[in-house]
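Colleague: Before we discuss any details, could you put the model on the screen, so that we can go through it step by step?

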Amino acid sequence: KQGPSGLAMALRCFLLLGTAALAAATCSRESVAKFRSLDVQRSFDDALMAGLWFEQSYLDAMQVGSTCQTLNFSLPEPSGDLKSDFNVRYGQQPFSILETYEPLDGKGMYRKSVQIPFGLPGGHLIGLTTAIVDVKMDAGGGYDAV
C-alpha cells in the first residue's frame with residue numbers, strides 16, 4: 001500500500017498549522033496546567049525524558065491512519081528547551097517533525113512548537129500550551145511511562 005503523496009503530506013502540514021492555531025487560541029495555561037498530577041507538579045524531572053518513547057494513545061486528528069508513532073527526546077538544552085524527533089508512518093511513507101518544548105512556569109508545563117518538513121515556514125510561530133499529565137517511575141528511578 002502506498003503512502004500519501006508529497007501534496008497530501010503538505011496538506012496535512014497546513015491542516016496541522018490550522019488546528020494548532022485554533023488550539024493555541026483556545027487553551028490557556030491555567031486550563032492545561034490543572035491536568036497535571038501532584039507528582040508532576042512537585043517533582044517532574046525533564047532530564048528523565050531523554051530517549052526513545054513509543055506513543056500508546058493519542059487524541060490527534062492528524063494522526064488518524066498513522067502507525068509506529070515514536071518520540072526521541074534529547075537531554076534538555078541549556079535554555080531548558082526539550083527537543084524531540086516525532087516520527088510516524090502513513091502506510092509505507094515515513095513522516096517526521098522536530099518538536100520543541102519551551103518550559104513555562106511550573107513543572108511539566110511547556111509551549112510546544114514544531115519545525116515543519118518540506119521547508120514550510122511558520123511552525124515555530126504557533127505554540128501549543130502543553131502539560132505532562134502524569135508519570136510512572138521504573139525500578140531504576142527513570143520514567144517508565146509519561
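Colleague: How many bridges join strand S5 to S6?

Modeller: This is a predicted model, and in it strand S5 covers residues 109-115 and runs antiparallel to S6. One of the pairs involves Lys112, whose bridge partner in S6 is Leu128. The number of bridges that join S5 to S6 is four.

Colleague: In which order do the six strands lie in the open sheet?

Modeller: The pairing within this sheet is antiparallel, and its edges are formed by strand S1, residues 51-54, and strand S6, residues 128-131, each of which pairs on one side only. Neighbouring strands are turned against each other by 30 degrees on average, with direction ignored. Read across the open sheet, the order is S1-S2-S3-S4-S5-S6.

Colleague: Which residue in S5 does Glu102 stand opposite?

Modeller: Strand S4, which spans residues 93-103, is joined to S5 by six bridges, and the two strands run antiparallel. Across this pairing, the residue that stands opposite Glu102 is Arg111.

Colleague: Which residue in the turn of the hairpin formed by S4 and S5 has a positive phi?

Modeller: The hairpin has five residues between its two strands. The phi in question is about 100 degrees, and the residue in the turn that has this value is Gly106.

Colleague: Why is Gly106 classed as partly exposed rather than buried or exposed?

Modeller: Gly106 lies in the loop between S4 and S5, where it touches Arg29 and Arg36, leaving aside residues up to four places away in sequence. The C-alpha atom of Gly106 is separated by 9.4 Å from that of Val40, although the two residues are 66 residues apart along the chain. Buried requires a relative accessible area under 20% and exposed one over 50%. Gly106 is therefore classed as partly exposed, because its relative accessible area is 39%.

How values were computed: Residues numbered from 1 in each chain as written. Predicted model: local features only at pLDDT ≥ 70, side-chain atom pairs only at ≥ 80, totals over all residues. Heavy atoms only, no water. Pairing = 2+ DSSP bridges. Axes fitted to C-alpha atoms, helices over the stretch in contact; angles between N-to-C directions. Buried < 20%, exposed > 50% of the residue type's maximum accessible area, 1.4 Å probe, protein only. Contact = heavy atoms within 4.5 Å.
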